[in-house]
Amino acid sequence: MHLTVVVGMLILAGDPTPNWPGFLGTGASTVAPESIPSKWSPTENLAWTRKLTGYGQSSPVIWGDRIYVTAVDGPKKDKLHIICVSLKDGDVVWDQATPSTFPQKSSVYISRAAPTPVVDARGIYAYFESGDVVALSHEGKPLWSRSLSKDYGPPQNEFGLSASPVQTADRIIVLVDDEGPSYLVALDKLSGSVLWKTDRTSRKSWASPALIPFGESVQLVVSSAGSVAGYDPPSGKLLWEFTGVGGNTGTTPTPAGDGAFLVSASAGREGDNAENAKRSNGLMHVERIGEKWTPRFVWTNPVPTPSWGSPIVHQGQAYWVNRVGVVYCLEANSGQVAYIERTKQSCWATPVGIGDRVYVIGKDGLTTVLATGTEFRVLSENTLWAADQPPINNVPSVEDETEERRRSAAMFSRPTVYGFAIVNGSIVLRTGSQLFCIRDAKGQAGKETP
């Protein structure tokens with residue numbers, strides 16, 4: 001099996017099916033740059049919009065002509081939704097709801113369908129922060145389900161869980177890093193049975209694992225709350241661990257070459273991890289020396305201050321973004337700063353590189369398209385909705401929250417662009433309660449689907 005790295009994401013070369021099957025595009029088909037628009041508005045290149053049941057913070061995934069998204073609904077996130085939407089026109093193909101086995105109060109301060117699902121030729125596999133893992137066929141028929149909360153204990157993190165699963169050909173792998181039980185677990189795609197479980201030290205973290213290419217094989221790399229570790233996907237065996245990091249609680253390692261990946265860390269809202277984070281943003285390389293795998297930083301740079309978006313490597317440059325819209329562009333080989341510039345919107349999503357462009361997806365619907373390279377050059381600024389016509393946003397009631405939380409809840413009341421999926425000809429973006437499809441066909445009016 002031949003693996004290549006494109007736009008900072010792991011793809012399977014030669015796959016004829018258009019797909020974006022996991023978080024940050026892991027396993028995605030190659031995208032032709034000329035098929036993706038670099039400029040749009042609410043009245044141009046917006047092919048359709050689709051209102052969704054409930055609320056979800058996960059990214060969409062795509063297999064063939066279908067988009068899959070997850071959402072939760074009900075005062076205690078009682079219903080777990082997997083929704084299938086037509087890529088062509090935004091129509092809902094089916095909406096399958098499963099009862100939660102660990103209901104929790106629905107709140108803007110607790111994750112709501114935060115983990116992104118994975119999809120393959122057999123079906124869709126969704127993990128929810130309740131601990132439920134649900135597998136459905138492409139027709140929406142149940143294949144199996146499993147409650148990790150019942151198996152190993154419910155999560156105890158006051159803000160919930162958000163780590164997205166990864167997949168290999170025969171299994172999905174879920175990371176649960178929590179103040180309670182923490183572990184990695186591999187589930188068989190056909191039956192949902194446990195193939196292996198590896199316990200980890202309890203910790204508070206929301207970071208997702210990543211599959212990183214090592215020659216003809218891959219390793220499962222986890223950067224989370226004080227360590228970066230590599231595991232063997234077939235067995236779950238710990239291969240190596242690097243503990244000289246901190247503040248790495250919310251971002252995902254991203255491929256940067258054979259056995260190499262970017263690690264990202266944040267000082268945190270209160271700045272508690274400031275010193276550790278300064279030495280934890282950089283390029284890490286892992287090589288086998290004798291019988292041991294040896295991790296080391298090729299370089300680190302104390303300048304980037306990321307938030308939730310993961311860094312990427314694209315055309316020789318490494319890019320970090322943060323929640324106030326600052327873009328840090330570093331030379332990927334050396335870590336030397338090329339530029340630090342601010343865009344017009346806060347960024348929660350990871351940027352993506354396509355051809356000679358880097359797309360920086362703003363929280364409030366503004367995507368800034370930058371030219372690649374060491375010079376900061378804005379090619380376009382593109383809105384999803386008019387400022388006076390924000391889309392629907394199904395937020396929970398804050399009446400029973402504390403006074404402090406009620407006052408600060410306003411920042412969560414507006415629609416937030418959480419993630420995206422890209423295949424030839426289309427960019428699909430997701431807010432909590434709506435999907436948007438940007439098309440390469442010029443001049444078409446948007447279709448709003450109720």
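User: Which residue in E11 does Ile124 stand opposite?

Analyst: Leu136 in E11 stands opposite Ile124. Keep in mind that this is a predicted model.

User: What makes strand E10 and strand E11 a pair?

Analyst: Two strands pair if DSSP finds at least two bridges between them. Strand E10 (residues 123-127) and strand E11 (residues 132-137) pair over five bridges.

User: Why are strand E9 and strand E12 called edge strands?

Analyst: The open sheet runs in the order E9-E10-E11-E12, with antiparallel pairing. Strand E9 (118-119) and strand E12 (142-147) each pair on one side only.

User: Why is the pair of Tyr68 and Trp94 called tilted?

Analyst: Planes under 30 degrees apart count as stacked, over 60 as edge-to-face, and the rest as tilted. The planes of Tyr68 and Trp94 are at 50 degrees, so the pair is tilted. Their ring centres are 6.0 Å apart, and the limit for a pair is 6.5 Å.

User: Where in the chain do Tyr68 and Trp94 lie?

Analyst: Tyr68 is in strand E6 (residues 66-73), and Trp94 is in strand E8 (residues 92-99). They are 26 residues apart, and the pair links distant parts of the chain. Tyr68 and Trp94 are both buried.

User: What makes Phe159 and Trp206 a tilted pair?

Analyst: Their ring centres are 6.5 Å apart and their planes are at 55 degrees, so the pair is tilted. Phe159 lies in the loop between helix H1 (148-152) and strand E13 (166-167). Trp206 lies in the loop between strand E16 (194-200) and strand E17 (210-214). The pair therefore ties together parts that are 47 residues apart in sequence.

User: Are Phe159 and Trp206 buried, exposed or partly exposed?

Analyst: Buried means under 20% relative accessible area, and exposed means over 50%. Phe159 has 31% relative accessibility, so it counts as partly exposed. Trp206 has 25%, so Trp206 counts as partly exposed too.

User: How do you know that Lys363 sits over the ring of Trp348?

Analyst: The charge must be within 6 Å of the ring centre and within 35 degrees of the ring normal. The charged end of Lys363 is 5.4 Å from the ring centre of Trp348. Trp348 also belongs to an aromatic cluster with Tyr55, Trp308 and Tyr418.

User: What is the distance from Lys197 to the ring centre of Tyr183?

Analyst: Lys197 lies over the face of Tyr183, at 5.0 Å from the ring centre.

Terms used: Residues numbered from 1 in each chain as written. Predicted model: local features only at pLDDT ≥ 70, side-chain atom pairs only at ≥ 80, totals over all residues. Heavy atoms only, no water. Helix = DSSP H or I, 4+ residues; strand = E, 2+ residues; numbered from the N terminus. Buried < 20%, exposed > 50% of the residue type's maximum accessible area, 1.4 Å probe, protein only.
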